[in-house]
Amino acid sequence: MPELLLDGLGIPESPRWHDGRLWFANWIEQQIVAVGLDGSTEIMPAPVERSMGWSIDWLPDGTLVTTGDKLRRQEPGGSFAVLAGQGGNEIVVDRRGYVYLNGADFDFAGGEAPRPGWIKLVTPDGAVREVADGIEFPNGMVITPDERTLVVSESFAGRLTAFDLTESGDLTNRRVFAEGLGPDGICADAEGAIWVSTSGSSLVRVADGGKVLDRVDLEEKRMPFALALGGPDRRTLFVLTAEWRPNESIADNLDRLTNGPRTGAVLTVPVSVPGAGRP
């Protein structure tokens with residue numbers, strides 16, 4: 001059964017195991033939070049000009065970067081500078097420092113009709129180019145341990161979609177990794193499987209092709225927004241969750257999470273196969 005590590009959060013998102021702690025974006029509160037396995041926390045204000053739809057990651061040299069209205073990097077003194085004017089939701093950085101951002105150009109929280117999203121590449125020189133389109137509400141992304149494949153959650157399509165990564169940073173050979181899911185934030189393990197949420201209060205470990213290898217069920221009305229594998233041996237599955245009422249509209253759920261009780265939490269589950277790949 002999942003165990004509670006931290007609660008009282010807004011909407012916890014974008015978990016990353018980094019430097020011996022779990023780091024994540026605490027939406028609504030506009031915070032970047034680092035939590036140890038003992039529950040001790042460090043909190044810093046996020047340099048993001050919107051309360052939802054932003055993420056964190058690190059460049060190969062250890063520099064923290066944030067998405068949101070713009071792509072920003074943390075300077076040595078702790079301040080943040082704009083790395084690229086391109087905004088985005090989720091992020092993953094490869095071994096060369098190539099930054100993959102995704103997003104969709106419509107007002108999700110405001111109830112605007114959906115439009116297909118995109119994945120864009122920001123190279124170390126700051127240049128931005130689109131490398132994939134037609135993504136049905138892009139969400140979490142991972143790069144597999146062999147650095148050859150990028151997998152993205154298409155939340156509105158209920159599937160994980162894979163691309164080959166080229167030396168130039170382009171994405172090719174688009175294909176389905178798994179379907180019949182409710183994917184948001186995802187993470188990969190050393191066997192090439194991916195932990196991903198379903199359409200309800202549960203999460204599964206799936207292989208390429210869609211075979212379900214393992215399953216974890218949460219309490220009713222607990223939405224697993226994002227997942228990460230970490231801990232000293234990367235055999236701890238971190239589940240970032242908050243209350244979500246499926247019989248209510250997206251707008252009503254977000255309003256309650258924003259203006260009501262802070263139901264966000266970080267849960268932990270031990271697993272046998274360690275995390276691998278990026279993030």
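How many aromatic pairs does a search of the whole structure find? The search finds four, where rings of Phe, Tyr and Trp (its six-membered ring) pair if their centres lie within 6.5 Å, and planes under 30 degrees apart count as stacked, over 60 as edge-to-face and the rest as tilted. The model is predicted, so local features need pLDDT of at least 70 and side-chain atom pairs count only at pLDDT 80 or more, while totals for chains, interfaces and linings use all residues. Residues are numbered from 1 along each chain as its sequence is written, and side-chain values use heavy atoms, with hydrogens and water left out.

Tryptophan 17 and phenylalanine 238 form a stacked pair, with 5.7 Å between centres and 15° between the planes. This pair links distant parts of the chain, 221 residues apart: tryptophan 17 belongs to strand 2 (residues 11–18) and phenylalanine 238 to strand 23 (residues 236–243). Helices (H or I, at least four residues) and strands (E, at least two) are DSSP runs, numbered from the N terminus. Tryptophan 17 counts as partly exposed because its relative accessibility is 24%, whereas phenylalanine 238, at 0%, counts as buried. Here buried means under 20% relative accessible area, exposed over 50%, and partly exposed in between (1.4 Å probe, protein chains only).

Tryptophan 23 and tryptophan 58 form an edge-to-face pair, 5.3 Å centre to centre with 80° between the planes. The two are 35 residues apart, with tryptophan 23 in strand 3 (residues 21–27) and tryptophan 58 in strand 6 (residues 56–58). Both tryptophan 23 and tryptophan 58 are buried.

Arginine 256 lies in helix 1 (residues 250–259) and counts as buried because its relative accessibility is 14%. The side chains of arginine 256 and glutamate 248 are joined by a polar contact of 2.9 Å, that is, a pair of N or O atoms within 3.5 Å; within protein, one must be able to donate a hydrogen and the other to accept it, and residues adjacent in sequence count only if both atoms are side-chain atoms. A polar atom of the arginine 256 side chain also lies 3.5 Å from the backbone oxygen of glutamate 243. Leaving aside neighbours within four places in sequence, arginine 256 is in contact (heavy atoms within 4.5 Å) with Glu243, Trp244, Arg245, Glu248 and Pro261.
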